[in-house]
Amino acid sequence: MPLSKRIIPCLDVDNGRVVKGVQFVDIRDAGDPVEVAKRYNEQGADEITFLDITATHEGRDTTIHMVEKIASQVFIPLTVGGGIRTTADIRAMLNAGADKVGINSAAVKNPDFVREASERFGAQCIVVAIDAKRVSEPGEPDRWEIFTHGGRKPTGIDALEWSEKMVANGAGEILLTSMDRDGTKNGFDLPLVKAMSERVNVPIIASGGVGNLQHLVDGIKVGKADAVLAASIFHFGEYTVQQAKEFMQEQGVDVRI
Amino acid sequence: MNTIAICDYGMGNLHSVASAITQVAPDADVHITADAELIERATRVIFPGVGAVRDCMSEIQRLGFDTIVKRAIASGKPVLGICVGMQLLFSNSEENGGIDCMGIVDGVVKYFGDDLVDAQGEKLKVPHMGWNNVRQSVAHPLWESINDQAQFYFVHSYYCQPKNSDLSSGVSEYGSEFTSAIAKDNLFATQFHPEKSHRDGLQLLANFCRWTGE
């Protein structure tokens, strides 16, 4: 039997609350992270991703405390991203109970940081988060660049080349978010997901744009993703993780039920 | 008193293991420790591991864990190895260019390979990361109340190959079949992470907390 495709609910956390914005504005409150994580654990989520979007230093301590609380009650893998800049940050998150950390801007700033982190902690816990935006005009061959700072800052770096470089540096997994689709509910940027999934030999988590259960299926079947990440369809009770898995199974996707 | 020692040789996070044990055995006295005496006194020992084998082995040797673990296994009390903790029990690993391990179980730890494909010829990614089925190749107290072919969470690029295949207690498939759990007297070890495997993982840990080692 093949490895099951993973469904990963994502918690964007700001100052101790789960929030969800539409293209990073218009943030809606979606509850207490510990309660939300426990609910997804009960519903059969395969992993949980926790993205800390808190800007302040004081907020970081709250995050560590929250990760500790989630990890003590949720017995599935937990990835924590947002603001991971040093090996000390990684150590703090792993000690708090994270299984993997997501590195984003810090990798762009210093690609060797990923290598250092991977050598120190093992590739299995280093997830490189890539925020990509389509830069090709209609009619041109597809091209995406990576953006940092919540999709506001262009870098001029080609997303596919970047993914290859990050894997060479020791990324064990890639969390790929389409900044064009994030929060739109229009589905994943499937050509992007597929291009990256075929380009690198580590698992790809597709993210950004899930608005219904068919989108999850498409991410796996068309985009060839190994895992699919979604937030708002689960946060606001539209679907449970269990419902998502049942639907995917009906569509021929191998999931853990 | 059920005293459970979780071996701490400075590699990775052991709190997940400790929380999971506390969840399934709330009355147990759980210690994350490097104290040889405490481990010797414990009724049960867990030997986890994450990270690179070379770094693990150097810390194990520096802290004398090879002797501690060998002694625990020789004492007859239940010992559970997890993930890299399982791999470290073997003779040697291909990781980091070839590393001698503890040699408690005869066999080698091998790389999945960069050209791994499934039965349909589809490319398989490495690390093997996610939920995979485990076929229970022998009946064992640690499999109690867990369905055959239940799924557990894996994350690894190397797998164990015991010289004596009778030691395999669980078998999974990734490219080809590999040993995902071993059982040898009072020793049980899993390549997957029971502490991250939701209900079935917690069930395995609950079984371990009750197991007499026989």
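Trainee: In E10(A), which residue is the bridge partner of Val127(A)?

Mentor: This is a predicted model, in which local features need pLDDT of at least 70, side-chain atom pairs count only at pLDDT 80 or more, and totals for chains, interfaces and linings use all residues. Residues are numbered from 1 along each chain as its sequence is written, while chains are lettered from A and ligands numbered from 1 in the order in which they are written. Strand E7 (residues 126–134) of chain A runs parallel to E10(A), joined by six bridges; two strands pair if DSSP finds at least two bridges between them. The partner of Val127(A) in E10(A) is Glu173(A).

Trainee: Which residue in E11(A) stands opposite Ile174(A)?

Mentor: Strands (E, at least two residues) and helices (H or I, at least four) are DSSP runs, numbered from the N terminus. E10(A) pairs with strand E11 (residues 204–207) of chain A in the parallel sense, over four bridges. Opposite Ile174(A) stands Ile204(A).

Trainee: How many residues of strand E10 (residues 173–178) of chain A are buried?

Mentor: Buried means that 20 or more other C-beta atoms, placed from the backbone, lie within 10 Å of the residue's own. Glu173(A), Leu175(A) and Thr177(A) on one side are buried, as are Ile174(A), Leu176(A) and Ser178(A) on the other. The strand is therefore largely enclosed by the rest of the structure, the buried count being six of the six.

Trainee: What arc do the buried residues of H1(A) cover around the axis?

Mentor: In helix H1 (residues 33–43) of chain A, the buried residues are Pro33(A), Val36(A), Ala37(A), Tyr40(A) and Asn41(A). They lie on the same side of H1(A), because their arc, taken from the directions from the helix axis to the C-beta atoms, is only 140 degrees.

Note on methods:
A residue is buried if 20 or more other C-beta atoms lie within 10 Å of its own, exposed if 12 or fewer, and partly exposed in between; C-beta atoms are placed from the backbone.
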